[in-house]
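Dear colleague,

Please read them with the model open.

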Amino acid sequence: FVKAQTVDPEVRAYVYSLVNALGGSSADEDGRYVLGDDALACLRDLKRWLKLYDEKLNRLDVARCLAEAKLVGGDILPILACWSEDGKNDRVKSRVALACLELLVPLTWPLETAGEMTVNHHRHTPYLQQAQVLYKAGILSWDNCSILRQIVRIGLPSIALPRDERTSRDDGIIKLVLYFLRNVAVIRQIPNLPNQGLDMVVSRSATIDAFVEQDVFALLLTMCSNIGDDFNLQDVVLLEILFNLIKGIDVSKLWLTKLQRADANISELTASLATEKAMERANKKTAPSRHNRFGTMIWVKREDHKTTALSGQENILENKALFNMDKSKKWNKPKTKDKDIQHTIHDFNRFEDITDSATEQLRNFVEEFLDSGFNPLFTHLRKAIEREAERLLDVNYRQFFYGVSWFLEAERTRRTKNKNEKHPANLAQAYTEAESYSLVAAVLNQETFILLNRYMQNALDSKEWQDLNACMRCFTQILLTVQEMAASPLEDDQEIAENIQNRIFYEETTHDRIVGILRGYKDQGFGYLDACTELSHTFLRMLERYSKENADLQIRSKRRARQKKKDAQKEQETQADEQIDEDDSEREDMQEAVKVSKERKFDFNRFANKFCTQQSINTFVAFLNYYKELNNEQLKRAHRFFYRAAFKQDSAVLLYRVDIIALFYRTVTGPDALSPAVPMTKEWTEFTKQLFKKLTRKLDERPELLVEMLFSKINSTTFYLEYGHDKQTTSAV
Amino acid sequence: TDDNDDFLGLNEEVKIAKKRRPVVKLDEDRLLRADGIPKLRTIARSSSVTRKLRMKGKGHEFSDIARLLNFYQLWLDGLFPRAKFADGLQLIEKVGHSKRMQVMRKEWIDEGKPGYIRP
């Protein structure tokens, strides 16, 4: 019997007998669930088993047995369902309910296939992940009772107490309830495991719908807006719940009206049908017009009287022959395997689509959250992070920054939506009051910037790319929000925005970091690529505008003062004999001199030049390689960058590389070209045309380019290729 | 006779380890072969590159670039038939990073400058 091998039979026997003794549906009472005599003790025993066997020995055996015995669907949920409203004061029943929750939390705890795993883990994890999907399906949609509401009910007496009157037991109960909600939000169908047909039942949309119906959102809102007063240590769990609800959801879709959404869906459909048709047409152009045994054979005459033979009628067409010659080659350059980007529960790059009703529900929640809960929660969290509170895990930092970026974007989207709407005249007053950006002020202060900068640098140094990704998104959203604040009609907002921008752009280290991130891209996945190109695009554009408006922008740059150091050394040598006793102070001075910060006038052109290097161009080329999947906004980003490089910063030479030119060529002509339905296509075509023209001219001017086009250019020759003479270097005095 | 055989080692079977044919690589040497970069350089030195490649100039930007890319593709196919166009370009780009290539590339460019004297 196979089952016997997976788990120790004795353990299984014990656990099964406990599950059996818990209770069952009774024939006498129309099949209603009846508790066993010692149900409470049984539940506690089961909890003990989980704790003392599974947890202590680091196995998942008991959890597996409980899943096989269908404890959750067969016992726990029915028990919770029959805890009726009128039984409010029934102490035994409420204690049973609490004991059920105590079991549910460890059973639904997220399982990750990462880190150290024993044989047991490997054996049980897939089964348990499948079982958890069943649990979630049961919890979200139980026939005759709202389970989530019952769970919240368990916590309510403790939540209602003022903070200083709560015992540690009360705190524990609140914690259990919140972790349970977190677990419910996390569970999803694991992609690699067999489908159980429950995708819709446990989807994000279903979760959101259930959270609304069973008043979980109300509880979350209450707790978020009262954090710091009535609640203190719950901030992290709340963040986790929010993160798991919003991750991967496209903000821009939330504020579309039903009609717009329908329109968008329809136009999406027409658009994709159109692309398909265009593809079909392009294929038809090259498809053979006769049957496949027609047997055309052609020779391609090459120089030196060489020929290449090709079969197939389509080769007669121009260019097709070379393409097929290439395609028939069998050897492929071995690729460095893409790093396995794990779709873990902490990943936010996976795109989630939600239904119309869920979109509406979520939007309502987000609006209320922004109005009341955002500032308290995120201020509280920021303080916790600054204190490095013990309750924070590493992933929470990432969740924090992702949350900030998501909600800032949501706030911006809501504003643009409101702005476009017409308001009746009598509402104008109330409207201007809401106009202020104070709703998200908690993350637009100096403390947050310092935190963000520090954390971003840390993530960059320790190569934690997902963390860095979250930071970059956060920074981008802050920049965009500040930009809109600066355009606000309120003078206060403008002033604050001015202040913030000044602070952001004052530090040269920030500038250098952003350039460094862009240059340093290497195989971190598309999500990362998207974030880092967006950040540099936004940063560069805003800095350009700001430095134009404030022509005398000063920045603080830290630079090594080599000259000073040399002087000091010389001095030391000449006066060595006299100054032996003053050596110490001398050394201190030198250290001071090595790292000196000084203010200097900001030169945008110089900064923009830093962006136009071979590495950053490589990054954007990697980004453009996805051109088929990029949306208009992203194409615009790539276009602006290449345009700046080629025509504003005079670095077009860096683009003259055969692979880059081939990619550009592919994007505008041929069957794989950008669809003309994309608005950016026209601008992009114009750009490539200009660039190609420039290249052709350059080839005649400087024939060396024919060789150099194969390589990334060397620094020393770039300037010559561009201008035709060497750089004038002023000799150092 | 047995002793003799042993002494001469005739009884022992001689094992012939078959060597694998070395895989052809696209390295510096191949790139510097006559049909490699030198061929590109002869084209570059002869009057006008664009005329040599029969590029038409203004108004034909895309077809001109297609011609240029085709030229590179055929050149690469002649030099290293094993690799596809895109793969071959990557290989060459990488070779270009070596010290020797960098020095040579610098020299090639310097040769085109006015007033160049061969060292």
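Where H10(A) meets H16(A), the residues A:Ser205, A:Ile208, A:Asp209 and A:Val212 of the former touch A:Ser357, A:Ala358, A:Gln361 and A:Leu362 of the latter, contact meaning heavy atoms within 4.5 Å. By class, this contact has four nonpolar, three polar and one charged residues (Ala, Val, Leu, Ile, Met, Phe, Trp, Tyr, Cys and Pro count as nonpolar, Asp, Glu, Lys and Arg as charged, and the others, Gly among them, as polar).

This is a predicted model, in which local features need pLDDT of at least 70 and side-chain atom pairs pLDDT 80 or more, while totals for chains, interfaces and linings use all residues. Residues are numbered from 1 along each chain as its sequence is written, chains are lettered from A in the order in which they are written, and side-chain values use heavy atoms, without hydrogens and water.

Helix H10 (residues 204-213) and helix H16 (residues 356-387), both of chain A, pack at about 50 degrees with axes 9 Å apart (axes are lines fitted to C-alpha atoms over the stretch in contact, and angles run from 0 to 180 degrees between N-to-C directions; helices are DSSP runs of H or I, at least four residues, numbered from the N terminus). H10(A) is therefore oblique to H16(A), since angles under 35 degrees count as roughly parallel, over 145 as roughly antiparallel, 65 to 115 as roughly perpendicular and the rest as oblique.

Between chain A and chain B there are four salt bridges (a side-chain nitrogen of Lys or Arg within 4 Å of a carboxyl oxygen of Asp or Glu), and B:Lys39 and A:Glu303 form a salt bridge at 2.5 Å, N to O.

Best regards

Definitions and conventions. Helices (H or I, at least four residues) and strands (E, at least two) are DSSP runs, numbered from the N terminus.
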